[in-house]
Amino acid sequence: MAGEKILIADDEEHIRELCARTLSAEGYQVHCVEDGLQAVEAARREPFDLLLTDILMPGLGGLEAAQAIQEFAPDVVCVVITGHGTMDLVIEALKLGFYEFVAKPFTPDELLRAVNHALEREQLRRENVRLKALLPLFELNKAFMSTVDVSSLLQQVVDVARQAVNADHSLLVLLDYNRRKVLARAVSPASGQWDRWVTSDQFQRIVRQLMESGQQLVVQERGAWNGALTDIMSDWGIHSFILTPLSVKPDRPLGVLGVFRTTEGAAFNSGDPTLLTVLSGQAAIAIENARLFQEIQRAYQELRQLDQMKSEFINIAAHELRTPLAILMGHADLLESELTGTLQERARAIVRNAVRLRDLVADMLDLRQLEIGKMRIRPQELSVRQVIKDVVTDTISLARAKEQTIEVHGSADLRPVRADPQKLYIVLSNLLSNAIKFTPAGGHIEVRALERGEEVQISVRDTGPGIPPHLHDKIFESFYQVEESLTREHEGMGLGLSIVKGMVELWGGQVWVESEVGKGSEFFFTIPRR
Ligand code: ADP
């Protein structure tokens, strides 16, 4: 334990010398004074761990000196030397929080025992305080983790800070939007009016200095502080305060956390500044996180609005295209049947492209229905094998044009399933036409359907270019296409897979892809039986 600084106050020289010799031989650093007044002055000049003092001294007595010292150095341990071991003095000293007594005459051993014992008890007390200080930090952390609302978070910070150091008031000031001045953002108790204090030039100046230097300001008594704020302190009845800067990074201060005591002689404990530093560090991170969260939320809202506008635009465009397209197709159909030769070929090209346009418009409308949750499933008992057959029949011409082969495998145990035939058709034809579209000429495509526990699993496999793993989820998003839009060689708007996903999830199934670049892709989806 040795090494601590001990202040010895006794008017008898031989006692001072005995104490000094005994204690420094043990490794303590000692400083001797002759009376109470000198003791107070010495303690003001430098901090001591222990005051060893005689009770009766000329001028200021030992008990009074100890009391005066404890006002600005509350953690100093006091041991009293008394030649008048009267009960009255012992009781008074006990009330004042003295740790030990040594009665004159005493042996060096008795003195050492008293000093060591007092220091050990103080050590234990400090450890206890430290442990207790951890509790508010835990509480605070828990609250910080769960709070993303900035104003309630700020209130929690000041409430916890005030309770943690037993202060009468606490205040949190943060830099304003322009980072020009600080504003009071939370006070505890919540009713305190701190604006006049905060807006004063002196306060703004001090806070700015603290934020720039990153240093904490601890003022233990009004008299010991001759800097700015003295007027306001007395105005507000404040006797001691601690201002702790808050910052996430040294170059980016956020503000300052202040705790204040209004009782005279009630200085803060030696552990309080450290506790407030830790607390402010945590609070700064939590405040920054909550602010970021708010910003993300705002950006997310904006994105949602944009997305909604886009989706409404698509809806309007699709609706507006439907009627002229139907008229166009009607006339083109008529022309195709009435014309011959090259003119008929041209009319056929018009019909073909009008059909493509009609499918795109249908995709746009389907997507919109899915997005606004208006799409409904109309299930009926059906044969998956039959739907696959219909889809393959309707798309085989596209595959043949690219000299591709399509193979269908339906497992023997495949039973009828309750599903929406139209939607199943759309899902399958989207996957199959993608397989045909992305697989080079001469490629091979397999469609498979099998029973898997409580669901039917259908897959479409191709020998196309494959899809890099990091895009396996992305391709199911609306308008996402792997190829750059300006250089892409395949048709489409990037809606097919998002419609597939929307529909499959609507009936409670799952959809995914397994694919490797250069080795083709296999798209899977399921239809649950329940
Ligand atoms: P579109 O086919 O209109 O581009 P989709 O939503 O159907 O839109 O597909 C999105 C993207 O996923 C495609 O642009 C393509 O990059 C990729 N993709 C889809 N199916 C396949 C496939 N079978 N092989 C390789 N890439 C595919």
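**Entry 1: ligand shell.** I looked up what surrounds the ligand and found 18 residues, the closest being Asn 434, Lys 437, Asp 462, Gln 481 and Leu 497. I note that this is a predicted model. I sorted the shell by class: nine residues are nonpolar, six polar and three charged.

**Entry 2: where the shell comes from.** I checked which elements supply at least two shell residues each. They are helix 13 (421–438), helix 14 (496–506) and strand 17 (521–528). Helix 13 gives the largest share, three residues.

Entry 3: One on Asn 434 lies 2.8 Å from a ligand oxygen atom. One on Lys 437 lies 2.9 Å from an oxygen atom of the ligand. I then looked up cover: on its own the ligand has 520 Å² of accessible area, and the protein covers 96% of that.

Entry 4: Where does the ligand sit? I find it in the largest pocket. I read the volume of this pocket as about 1800 Å³. Its lining counts 48 residues; nearest the centre are Ser 429, Asn 430, Ser 433, Asn 434 and Lys 437. Two or more lining residues come from each of helix 11 (341–371), helix 12 (384–401), helix 13, helix 14 and strand 17. By class, I get 20 nonpolar, 14 polar and 14 charged residues in the lining.

**Entry 5: cross-check.** I compared the two lists. Asn 434 and Lys 437 are among the residues closest to the ligand, and both are also among those nearest the pocket centre.

How values were computed. Residues are numbered from 1 along each chain as its sequence is written. This is a predicted model: local features need pLDDT of at least 70, side-chain atom pairs count only at pLDDT 80 or more; totals for chains, interfaces and linings use all residues. Side-chain values use heavy atoms; hydrogens and water are left out. A residue is near a molecule or strand if one of its heavy atoms lies within 4 Å of it. A polar contact is a pair of N or O atoms within 3.5 Å; within protein, one must be able to donate a hydrogen and the other to accept it, and residues adjacent in sequence count only if both atoms are side-chain atoms. Accessible areas come from the Shrake-Rupley method with a 1.4 Å probe; for residues, only the protein chains shown count as cover. On a 1 Å grid over the protein atoms alone, a cavity is a set of points where a 1.4 Å probe fits but cannot get out, and a pocket is an open set with protein on both sides within 12 Å along at least five of seven lines; lining residues have an atom within 4 Å of a point. A molecule sits in a cavity or pocket if more than half of its atoms lie within 2 Å of its grid points. Helices (H or I, at least four residues) and strands (E, at least two) are DSSP runs, numbered from the N terminus. Ala, Val, Leu, Ile, Met, Phe, Trp, Tyr, Cys and Pro count as nonpolar, Asp, Glu, Lys and Arg as charged, and the others, Gly among them, as polar. Grid points are joined across faces, edges and corners, and a volume is the space filled by probe spheres set on the points.
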